[in-house]
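Colleague: Can you put the model up and take me through the surface and the charges?

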Amino acid sequence: MSSLYSRSKEYTRNRKSQSDSPPSSPSPTAKTLRHDRLSRLESGTANPTTSDTFGDRTSSRTSAYTRRENRLASLSSRTEDDGDKDYKKLYENALSENENLKSKLREAQLELVDIKTKLEKVAQKQERSSDRSSMLEMEKREKRALERKMSEMEEEVKVLTDLKSDNQRLKDENGALIRVISKLSK
């Protein structure tokens, strides 16, 4: 009795899951399942008589069980065949997607190389400009230092010219004094 109860439970579960799916055209497996059910109903299990014996009932149960097992085996082999086809399609789709991704990766790598070269060029320009700016700063410092030295030298030249003029004046005065002394001594 418990086996009948569990079968009816499974049957209601299967019926519920089948009814949940959206209506579509019957697949070949659904057609064969319907055909199997109709053939079982027509084979005499629909009109049981009271003259059936216990042995007849058990043999019909075992034959129903074997038919069910055969039907499930055929369904699983069909789904495996369908699965193989699906796997082949999935494999082909995965291959094409991989090729697309590989081409995108190559393009991205080329773009990355281009960007790196541009970045290096910009960095070199910045180094040059920073070198130039540092060179300009050094040149400015040197120029300022030279200007200071030049102004100092100009001041020294002025002092020297003043000293030379003073020295010349003193020589002239000395010469005049020597002449005066020589006239006085005569």
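Colleague: Where does the model come from, and what are the ground rules?

Modeller: This is a predicted model, where local features need pLDDT of at least 70, side-chain atom pairs count only at pLDDT 80 or more, and totals for chains, interfaces and linings use all residues. Residues are numbered from 1 along each chain as its sequence is written, and side-chain values use heavy atoms, with hydrogens and water left out.

Colleague: What is the mean pLDDT?

Modeller: The mean pLDDT is 77, with 65% of the residues at 70 or more; pLDDT is the predictor's confidence in each residue, from 0 to 100.

Colleague: Where is confidence lowest, and where highest?

Modeller: Helix α1, residues 2-20, has the lowest confidence, with a mean of 51. Confidence is highest in α3, at 86.

Colleague: How many helices and strands are there?

Modeller: Three helices and zero strands, so the order from the N terminus is α-α-α, where helices (H or I, at least four residues) and strands (E, at least two) are DSSP runs, numbered from the N terminus. Helix α3 covers residues 54-185.

Colleague: What percentage of the residues count as buried?

Modeller: Of the 186 residues, 2%. Buried means under 20% relative accessible area, exposed over 50%, and partly exposed in between (1.4 Å probe, protein chains only).

Colleague: Which residues make the nonpolar surface patch?

Modeller: V159, L160 and L163 make a nonpolar patch of about 280 Å². Patches are made of residues with over 30% relative accessible area and no salt bridge; like charges are joined within 9 Å, and nonpolar side chains (Val, Leu, Ile, Met, Phe, Trp, Tyr) within 5 Å. L160 is in helix α3 and is partly exposed, at 49% relative accessible area.

Colleague: On to charge. Which residues gather in the positive patch?

Modeller: K118, K121, K125, R128 and R132. Lys and Arg count as positive and Asp and Glu as negative, while His and the chain ends are not counted. A charge is placed at NZ of Lys, CZ of Arg, CG of Asp or CD of Glu. K118 lies in helix α3 and is exposed, with a relative accessible area of 57%.

Colleague: And which residues form the negative one?

Modeller: E152, E154, E155 and E156. E156 is also part of helix α3, and its relative accessible area of 51% makes it exposed.

Colleague: How many salt bridges turn up in the whole structure?

Modeller: Two, with a salt bridge taken as a side-chain nitrogen of Lys or Arg within 4 Å of a carboxyl oxygen of Asp or Glu. D166 pairs with R169 at 3.8 Å, N to O. These two residues are three apart in helix α3, so about one helical turn separates them.

Colleague: Is D166 buried or partly exposed?

Modeller: D166 is partly exposed, with a relative accessible area of 35%. R169 is partly exposed at 43%.

Colleague: What is the other bridge?

Modeller: R169 to E173, at 3.3 Å, N to O. Both lie in helix α3, four residues apart, about one turn. E173 is partly exposed at 39%. Through shared partners, the salt bridges join D166, R169 and E173 into one network.

Key:
Areas by Shrake-Rupley, 256 points an atom, 1.4 Å probe, with all protein chains shown as cover.
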